[in-house]
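Good morning, colleagues. Please look at the sequence and the model before I go on.

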Amino acid sequence: MVHFSSLVMAFFLFLFSFSCITLTNASATKVVDVDTICKEVTNSSFCSSLIKSNPGGGADLLNLTQYTIDVVRTNVSNTINLINTLIAQSDNNMEAKYHYQRCLYYFGKDEGALHEVVDAQEYLKNGDYEGVNECAKGIMVYVEKCISGDDEGDSYSDTSLLPKYADVVENVAEIIFHISNYLVHV
Ligand SMILES: *[C@@H]1O[C@H](CO)[C@@H](O)[C@H](O)[C@H]1NC(C)=O
Ligand SMILES: *[C@@H]1O[C@H](CO)[C@@H](O)[C@H](O)[C@H]1NC(C)=O
Ligand SMILES: *[C@@H]1O[C@H](CO)[C@@H](O)[C@H](O)[C@H]1NC(C)=O
């Protein structure tokens, strides 16, 4: 009897240590295949070339999340600069000027995409991947309001470079959205 229970005990100790090792490995590496991420996004060729441009590669999800947040920050700043130029050039076109001013608000740091980027950075630093995920979604929502129109009646047919820049921002944000989803669930 004594012999039997110590065997059972040893068995459970074995299971316990095994599961601890598994958990430690999972949280330390957080590895996922690049193709797995990129087949879930709208523009998968954009996705794979972005991940390949990361000097740290795609394997380490935390490194990749930081990299993609850095990229989207650059892309949002570039877009804001472009919008400011477009505003300055649209003095004779009130409809255009109104549209670009709405877009400046949606990309801005007060309540728009840049604000979400700053928050995402903070959430990542604190290990709050759900927060990063929410911010990525927020960026996509703001970009859509600029491009597809908002409930303030702004739906300008834009022939400038802005839709192209906005598309890049939205694509990168979508990648961050999926990577942070993995971070939440790994
Ligand atoms: C994917 O993104 C690239 C780079 O922005 C763009 O040239 C291409 O047209 C996009 N493809 C699709 C299907 O949206
Ligand atoms: C990711 O890792 C690579 C290689 O270790 C490093 O060069 C790079 O700076 C890291 N990127 C970020 C954003 O931390
Ligand atoms: C987006 O950022 C990347 C990396 O910083 C840069 O190579 C690319 O030209 C940027 N694109 C736009 C439209 O800002």
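Let me begin with a term: a residue is called buried under 20% relative accessible area, exposed over 50%, and partly exposed in between, with a 1.4 Å probe and protein chains only. By that criterion Cys135 is buried, because its relative accessibility is 4%.

A word on conventions. This is a predicted model, in which local features need pLDDT of at least 70, side-chain atom pairs count only at pLDDT 80 or more, and totals for chains, interfaces and linings use all residues. Residues are numbered from 1 along each chain as its sequence is written, chains are lettered from A and ligands numbered from 1 in the order in which they are written, and side-chain values use heavy atoms, with hydrogens and water left out.

How many disulfides does the structure hold? There are two, a disulfide being a pair of cysteine sulfur atoms within 2.5 Å. In sequence order, the bonded cysteines of the protein pair as 1-2, 3-4.

Consider Cys38 and Cys47, whose sulfur atoms lie 2.1 Å apart. Their link is left-handed, with -75° about the S-S bond. Cys38 is buried at 3% relative accessibility, and Cys47 is buried at 0%.

The other disulfide joins Cys103 to Cys146, with 2.1 Å from S to S. This disulfide is right-handed, because the torsion about its S-S bond is about 90°. It links distant parts of the chain, 43 residues apart: Cys103 lies in helix 5 (residues 94-107) and Cys146 in helix 7 (residues 129-148). Helices here are DSSP runs of H or I, at least four residues long, numbered from the N terminus. Both Cys103 and Cys146 are buried.

Terms used
Helices (H or I, at least four residues) and strands (E, at least two) are DSSP runs, numbered from the N terminus.
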